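Work through the exercises below with the model open. Try each task before reading its solution.

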Protein chains: 2
Amino acid sequence: MSSADDAKLKQAREDFVAQWGALGTHWGINRTMAQIHALLMTEPEAIGTDEVMERLQISRGNAHTNLKELVSWGLIRTIVKKGERREFFEAEKDVWKIFTIVARERRRREIDPALGVLHQCLDDSRGIDTPEGRAFHEQMSKLAEFVGFASNVADRVSGMKYGIALQLAARLLS
Amino acid sequence: MSSADDAKLKQAREDFVAQWGALGTHWGINRTMAQIHALLMTEPEAIGTDEVMERLQISRGNAHTNLKELVSWGLIRTIVKKGERREFFEAEKDVWKIFTIVARERRRREIDPALGVLHQCLDDSRGIDTPEGRAFHEQMSKLAEFVGFASNVADRVSGMKYGIALQLAARLLS
DNA sequence: CCGAAGTTTCAGTAAATACTGAAAATATGA
DNA sequence: TCATATTTTCAGTATTTACTGAAACTTCGG
């Protein structure tokens, strides 16, 4: 009975899109962007802007902006179909690739600016010759060292081949 | 010339607080909470609500809410001074402890709910007997497996002693 | 070069989130 | 117990962020 299965799938997919969208919020990603990503991750075929608008009930501007943002992240890519004038989009479905993309983007947007602030404060407080000044400098120094270190580690991990990362992680969990 | 040093320190500290607050935004943490945390991280003495209000120019309600939130995260703790009726607050200053607290909190708020959604979709799509249904189920399965795995790894790492983590990371960067 | 199809931009508006300030509740000690 | 210091709550407001819809722009076939 395929029509019942179709209905169940439609429902499950809609749930996934809606809930993944809600989650996006906690990830510093706006709802629509997360929803489009969810929609495309569970869509076997590449689809166009109008279908995204219709499936998610959003405006053209909104769909456009977020599709382009996803492309700029590298989480989806544009497809040109022969004989078709408009653009279609399909998602990267490999989980490790998704992870590395998100990790890199978050490092760029969250860690790198923090390092910048810390290094500047480190400079600004260099040579302040009071007990409080030295304590401040010391704290900045510790923070900068740790954040820089973490940034390198994250970079290294997200540059690994999946197999290697898996091996490493397995050792960690054993 | 200590008064010049004092001025420089005051400036550097204010910059740090302001900029760290701005960064908080990109971390899903509100500006005030990040600013209070920054203020307390660079303050040698525990300070009270009124001083926080004054230093950051914010209302009592705002200060109160965010101080309590920071306490609930474990990033700051309350101090009772003898002979004083009001509460004082001091920050956790150890960078590794800060990291593990933030990592755990983010796992709880970002990863665990995602796992919940994925497992539910996994159930809802079990046994849908169409090609599309199987593809959907397969994608959910891969996502759930990876996210669960990542969650365990994060948990394990943030439960480590700093020395061990450092050793591991050093091996990674070599 | 023209007209249709498709894409991009953006001013205005809606929704979500954070903050204020004052009132209510609670704790302290005389 | 009462007066006072302190903490907590929350309705109203301000700020920030996201979305709409339509106009401007671009692309392409004829």
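**Exercise 1. The hairpin in chain A**

Task: Find how many residues lie between strand 2 and strand 3 of chain A, and which turn residue has a positive phi.

Solution. Strand 2 and strand 3 of chain A form a hairpin with 6 residues between them. In the turn, A:Gly83 has a positive phi of about 80 degrees. Helices (H or I, at least four residues) and strands (E, at least two) are DSSP runs, numbered from the N terminus. Next, take the pairing. Strand 2 (residues 76-80) and strand 3 of chain A run antiparallel and are joined by 5 bridges. Two strands pair if DSSP finds at least two bridges between them. Within strand 3 of chain A, A:Phe88 is the bridge partner of A:Ile79. Now turn to strand 1. Strand 1 (residues 47-48) of chain A is joined by 2 bridges to strand 3 (residues 87-91) of chain A, and these two run antiparallel. Here A:Gly48 stands opposite A:Phe88.

This is a predicted model, in which local features need pLDDT of at least 70, side-chain atom pairs count only at pLDDT 80 or more, and totals for chains, interfaces and linings use all residues. Residues are numbered from 1 along each chain as its sequence is written, chains are lettered from A and ligands numbered from 1 in the order in which they are written, and side-chain values use heavy atoms, with hydrogens and water left out.

**Exercise 2. The sheet in chain B**

Task: Give the strand order of the sheet in chain B, then state which strands of the sheet helix 2 of chain B touches.

Solution. The sheet is open, with 3 strands in the order 1-3-2 and antiparallel pairing. Its edge strands are strand 1 (47-48) and strand 2 (76-80) of chain B, each pairing on one side only. Strand 1 of chain B is joined to strand 3 (residues 87-91) of chain B by 2 bridges. Helix 2 (residues 31-41) of chain B packs on the sheet and touches strand 1, strand 2 and strand 3 of chain B. Contact means heavy atoms within 4.5 Å. The direction of helix 2 makes about 85 degrees with that of strand 3 of chain B. Axes are lines fitted to C-alpha atoms, for helices over the stretch in contact, and angles run from 0 to 180 degrees between N-to-C directions. Helix 4 (residues 60-73) of chain B lies across strand 2 and strand 3 of chain B, at about 105 degrees to strand 2.

**Exercise 3. DNA strand C**

Task: Find how many residues surround DNA strand C, and which element gives the largest share of the surface near it.

Solution. Count first: 18 residues surround DNA strand C. The closest are A:His64, A:Lys68, A:Glu87, B:Thr32 and B:Ser59. A residue is near a molecule or strand if one of its heavy atoms lies within 4 Å of it. Sugar and phosphate make up 69% of the atoms of DNA strand C that come within 4 Å of the protein.

- A:Lys68 places a polar side-chain atom 2.9 Å from a phosphate oxygen.
- A:Glu87 has a polar backbone atom 2.8 Å from a phosphate oxygen.
- B:Asn62 has a side-chain N or O atom 3.0 Å from a phosphate oxygen.

Last, the elements. Helix 4 of chain A gives the largest share, 4 residues.

**Exercise 4. DNA strand D**

Task: Which side chain has an N or O atom 3.4 Å from a base nitrogen of DNA strand D?

Solution. That side chain belongs to B:Arg85. Phosphate oxygens of DNA strand D lie 2.4 Å from a side-chain N or O atom of A:Thr32 and 3.1 Å from one of A:Asn62. Helix 4 of chain B gives the largest share of the surface near DNA strand D, 4 residues.

Methods:
Polar contact = N/O pair within 3.5 Å; in protein donor to acceptor, adjacent residues only side chain to side chain.
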